[in-house]
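Please look through the structure below with the following notes beside it. They are written for a reader who is new to this kind of description.

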Amino acid sequence: MGNAPSIDTSVPTLGPCRVDNPLPYCHHIDDSSKMPLYLSSEILDGATSKTVYEFEEAGPRQQIYFDPPKTKCAIVTCGGLCPGINDVIRAIVMSAHHNYHISGIYGIRYGLQGFIPKYKHDIMELTPDSVRDIHEFGGTILSSSRGPQAPEEIVDALERMNISVLFMIGGDGTMKAASSVTQEVLRRGLKISVIGIPKTIDNDINFVTRSFGFDTAVEKATEAIRCAHIEALGAPGGIGMVKLMGRESGFIAAQASLALKEVNFVLVPEAPFELHGPDGFLVQLKTRLEQRQHAVIVVAEGAGQDLCRIDNQVDLSGNPILGDICDVLRSEIKKFFATTDFPYTLKYIDPSYIIRSIPANSNDRIYCGFLGQHAVHAAMAGKTGMVVSKLQERYLYLPLDLVTAKRRKLNIYSNYWRSVMESTGQPQSMFNCATKA
C-alpha cells in the first residue's frame with residue numbers, strides 16, 4: 001500500500017464468546033473473516049485508489065458473549081432530532097426481544113441527562129407493544145437533550161440499573177461521549193458493551209458515507225426548493241432563497257440541488273465565496289436576474305461564516321454558534337440592488353425544523369432497520385467501543401476512534417461537486433477556492 005495512512009480497524013470485545021446464538025435462522029459472520037475495501041482520499045486523507053483496508057463485517061456471530069435471559073439493555077438518544085430515530089429504537093427493541101429474548105430493554109429519557117439523578121427523569125421500559133407504531137412518527141419517543149454529562153455518573157447509573165448493553169444514538173458529540181463512557185467502563189473492569197449508532201442529519205460523521213435520515217431530509221428539502229422556485233417565477237426579478245441544515249458540511253444543500261434542477265446558486269461551508277467584486281455573488285446574482293428574471297439560491301447554514309458577525313460562543317453540545325448567513329445575504333442584496341436601481345422581490349424559506357421532525361421515508365426506514373439489527377448482533381457478541389456504519393454499501397463495525405477523529409466534509413474538488421456546479425451553472429470564479437493541482 002506504499003505510503004497509505006495506517007488506521008486501526010479492530011473492534012474491542014469484552015471477552016471470549018461461549019454462548020450459542022439463539023437465532024433460529026442465520027448466516028453467521030466469522031470474526032476472523034475480514035471485509036477488504038478500497039478507500040479513496042474522500043473517505044481517508046492520504047489514501048489512494050489502490051489503498052485496501054480490512055474491516056469487521058456486521059452481522060450475527062455463531063457464539064455470543066452475553067447470556068440473553070440475564071441481559072438488560074438501555075437505549076439513549078442525544079442531540080438534535082433527525083428522521084428515523086424512532087425506527088432505530090424500534091429495530092433494536094424488536095431484534096433484542098424477538099431474536100435474542102433478552103430480559104429487559106430500557107429507554108433513558110432526555111438524552112444523557114436521564115442518567116443523572118439530579119434531573120429526576122424517569123426511565124421507560126421498552127417492549128414490542130410500546131414501540132409497535134413509533135416508526136410512524138418523527139422525533140424520538142425517548143426525547144433528547146444536548147450537552148455533556150460526566151461519564152463517571154453515567155457508568156454509576158448503568159451499574160445501579162444492572163445494564164449490560166448501552167446503545168447510544170447520536171452525532172459526533174454523542175460518539176465522543178460513548179468513547180468516554182467506554183473508557184470509564186474499562187477503567188472499572190466492568191463487562192458493559194457500549195454500541196454507537198451514528199445520527200446526523202448533516203451527513204458529516206467520519207467513515208459513514210450516508211447517515212440515516214439524510215435521504216428523508218433531502219426529499220423534504222426539495223419541496224422547499226420547489227416552493228422557492230415557484231415564488232421566484234411569480235414576479236420579475238424574483239429570488240427564492242432556501243436555508244438548509246449543514247453546520248460544517250454542505251451535503252444536504254448539494255444533494256437537494258442535484259435532486260431538483262431549479263437551483264442556480266448553492267452556498268456551502270466548504271467553499272468560501274466572494275460577496276462583492278466583479279466575480280462576487282452579488283454581481284453574478286444580478287446577471288442571472290437580468291438574463292432569466294428569476295433565481296433560486298440554496299444556502300447551507302454554515303456557509304459564509306467569514307462574512308458574519310460571530311462572537312466565538314458555543315452551544316451546549318460544544319458546536320460553534322453560527323452567524324445567520326441568510327440574514328447577511330438578504331441585507332447585502334438589498335443594499336447592492338438599491339445602489340444599482342435594480343428592482344427585485346425576495347422570498348425566504350427556512351424549513352429546518354420541519355425537515356428534522358418528520359418521519360423517515362421508505363429508504364431510510366429500511367436503513368434504520370439494518371442499523372438497529374446489526375447493533376444488537378454486535379452487542380450480544382460482546383463488541384464494545386464501536387459504531388455500526390454503512391460504508392460503500394457494506395455494513396461494518398468500526399471502532400469509535402475512527403468515527404470521532406474528524407468531521408466528514410464535502411470534497412469541493414470531487415466529481416460530485418463538479419456535478420453540482422454543472423447543474424446550477426454558477427461560476428467557479430465566485431469561490432475563494434484555489435484550483436487543486
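1. Asp172 is buried, with a relative accessible area of 10%, where buried means under 20% relative accessible area, exposed means over 50%, and partly exposed lies in between (1.4 Å probe, protein chains only). Asp172 is found in helix 4, residues 172-188; helices (H or I, at least four residues) and strands (E, at least two) are DSSP runs numbered from the N terminus. An unreviewed UniProt entry lists Asp172 under "binding site", although such annotations, given in the numbering used here and with shortened feature names, may be inferred rather than shown by experiment. Not counting residues up to four places away in sequence, Asp172 touches Ile205, Val403, Thr404 and Arg407, contact meaning heavy atoms within 4.5 Å.

2. A word on the basis of these notes: this is a predicted model, in which local features need pLDDT of at least 70 and side-chain atom pairs count only at pLDDT 80 or more, while totals for chains, interfaces and linings use all residues. Residues are numbered from 1 along each chain as its sequence is written, and side-chain values use heavy atoms, with hydrogens and water left out.

3. Strand 2 pairs with strand 3, residues 52-57, in the antiparallel sense over five bridges, and two strands count as paired if DSSP finds at least two bridges between them. Within this pairing, Pro36 stands opposite Glu54. The backbone oxygen of Glu54 also lies 2.6 Å from a polar atom of the side chain of Thr9. Thr9, in the segment before strand 1, is buried at 15% relative accessible area, and the residues it touches include Phe55 and Tyr397.

4. A search of the whole structure finds ten aromatic pairs, meaning rings of Phe, Tyr and Trp (its six-membered ring) with centres within 6.5 Å, called stacked when the planes are under 30 degrees apart, edge-to-face when over 60, and tilted for the rest. One of them joins Phe273 and Phe281 edge-to-face, 6.3 Å centre to centre with 65° between the planes. Phe273 is buried at 1% relative accessible area, and Phe281 is buried at 0%.

Definitions and conventions
Polar contact = N/O pair within 3.5 Å; in protein donor to acceptor, adjacent residues only side chain to side chain.
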